[in-house]
Amino acid sequence: MQAPVEQRWSPYADNGGTCMGVAGEDFVVVAADTRLSQGYSIHTRNCSKVTQLTDKCVIASCGMKSDAITLHKHLKARMVMYEHQHRRQPSVTAIAQMLSTTLYYKRFFPYYTFNVLCGVDDEGKGAVYNYDAIGNMERVPYTTSGSGSALVMSVLDAQIAKSNQTIATPSLDKAGIVELCKDVLSSVGERDIHTGDYAEIFLIDAAGISKTEFDLKLD
Amino acid sequence: MAPVANPKSFCLDIKKSGEAPKLMDFMKGTTTLGFVFQGGIIIAVDSRASMGSYIGSQTVKKVIEINDFLLGTIAGGAADCSFWERHLNRLCRMHELREKERISVAAASKLLANIFWQYRGQGLSCGTMVAGWDKKGPSLYMVDDQGDRHKGNVFSVGSGSTFAYGVLDTGYRFDLTVDEAVELGRRSIYHATHRDGASGGVARVYHVHEKGWTKVIAGEDVNKLHYMYAAEKNLKGDE
């Protein structure tokens, strides 16, 4: 008789995708693809990973979509509560800390989300926050998360931070960073099966939040 | 808690089973050290955080400024340490408000140790040092995720600690000057980052003294330190 094999149920699923955030002097660029997958199947080609929390702040989450939905819902509810109590919207720095503690409260059954929180802070500077699954928070000049994050990070290290570059290149302006994010997402779509279909680009600056979409490959 | 048969070991089980890739690779931070000397306490840390074999960040702040006269370090799980040390900040502030005097380092470290004791066995990962100057002078306590708490003069915590101890123990004397002590801390961190893959980034050094703490070295690239120390020995640094 065959030896018994334990069949475990897992509460987690990896829905793939890639997102990134880059902070500028007085703006932030957020880019994320819209493919929702499970294993080798695509659930949908048109599923946004990004939620707008305030006039100056968005959150993008990769990982498990159901946890991302719940987390974003929870954060939106907290935004309403904050506005009721304080008569203004919370700042990016306040939201960042709140997200960190929200994630840590589920320390022993974590949200399977890799979050990137982006916005313009109270001083008008671009802010990008990187998180791990249980809420370790760090404010960074740029970050990525998701299945293609390792592919993206090295490119951003080279092109934005210009780490270890021997040939000097001029630093990128707002339009240049948007184009870079688009190019990077296209390239990740070529090499990561979970990334592709369409992409959303959010530009947050003093004028507010503007969203554009562009096509990635459908294969 | 997770709705499974063994909720206490859920995180470890998921990690072992490989069902949720990268989820349970929390950000972990490594080499930190601290020592007491005649001028107070020196705390020196690196700044790398790894998530599994991926370098999550090279710019982590592993010294948490609990308040104006207490410092805590992060080694092990970054989220665990930063969350509970922020919590410790609140507890210390409540103590000040209730007792109308500053909390002692012994009491602050005990509060933290008791929290870890409560969560013992559930998978928290923290090796922290609590350093401060109170009525009894400078005190350095090492507190870890098992609820251990030890007072001492020389500690190094993290995966690179063995390398740091070698250099630290060789150069340590109680009567170091402040500059010598800062240099010893910086050098020990450099050596740990050189040999330990999970340590790197920049070296940061803080000095705790009677009036509180000072950030002596905000962040010096360890790569630069490598070539600097090699030049001191008249070497190029690529041997």
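How many nonpolar, polar and charged residues does the lining of the second largest cavity have, by class? The legend to View 1 gives the answer for this predicted model.

In this predicted model, local features need pLDDT of at least 70 and side-chain atom pairs count only at pLDDT 80 or more, whereas totals for chains, interfaces and linings use all residues. Residues are numbered from 1 along each chain as its sequence is written, chains are lettered from A and ligands numbered from 1 in the order in which they are written, and side-chain values use heavy atoms, with hydrogens and water left out.

**View 1. The second largest cavity has a volume of about 30 Å³.** F108(A), M1(B), P7(B), K8(B), F10(B), C11(B) and Q122(B) form its lining, and by class these are five nonpolar, one polar and one charged. A cavity is a set of points, on a 1 Å grid over the protein atoms alone, where a 1.4 Å probe fits but cannot get out, and lining residues have an atom within 4 Å of a point. The volume is the space filled by probe spheres set on the points, which are joined across faces, edges and corners. Ala, Val, Leu, Ile, Met, Phe, Trp, Tyr, Cys and Pro count as nonpolar, Asp, Glu, Lys and Arg as charged, and the others, Gly among them, as polar.

**View 2. The largest cavity has a volume of about 50 Å³.** Among the residues that line this cavity are N15(A), R35(A), K49(A) and C62(A). Three residues come from β6(A), which gives the most to the lining; helices (H or I, at least four residues) and strands (E, at least two) are DSSP runs, numbered from the N terminus. The lining divides into four nonpolar, four polar and three charged residues.

**View 3. The largest pocket has a volume of about 880 Å³.** A pocket is an open set of grid points with protein on both sides within 12 Å along at least five of seven lines. Of the 30 residues that line the largest pocket, Q97(A), M137(A), I64(B), S82(B) and R86(B) lie nearest its centre. The largest share of this lining, eight residues, comes from α2(B), and the lining as a whole holds 13 nonpolar, 10 polar and seven charged residues.

**View 4. D197(A) and R45(A) meet through their side chains in a salt bridge, at 2.6 Å from N to O.** A salt bridge is a side-chain nitrogen of Lys or Arg within 4 Å of a carboxyl oxygen of Asp or Glu. D197(A) lies in the loop between α4 (174-191) and β11 (198-205) of chain A and R45(A) in the loop between β4 (41-44) and β5 (50-54) of chain A, so the pair ties together parts that are 152 residues apart in sequence. D197(A) is buried, with a relative accessible area of 0%, while R45(A) is partly exposed at 33%; buried means under 20%, exposed over 50% and partly exposed in between (1.4 Å probe, protein chains only).

**View 5. D132(A) lies in the loop between β8 (126-131) and β9 (137-140) of chain A.** This residue is buried yet has no salt bridge, and R107(A), the nearest side chain of opposite charge, is 8.1 Å away. A polar atom of the D132(A) side chain lies 3.0 Å from the backbone nitrogen of G135(A), and the backbone nitrogen of N136(A) is 2.7 Å from a polar atom of the D132(A) side chain.

Key: Lys and Arg count as positive and Asp and Glu as negative; His and the chain ends are not counted. A polar contact is a pair of N or O atoms within 3.5 Å; within protein, one must be able to donate a hydrogen and the other to accept it, and residues adjacent in sequence count only if both atoms are side-chain atoms.
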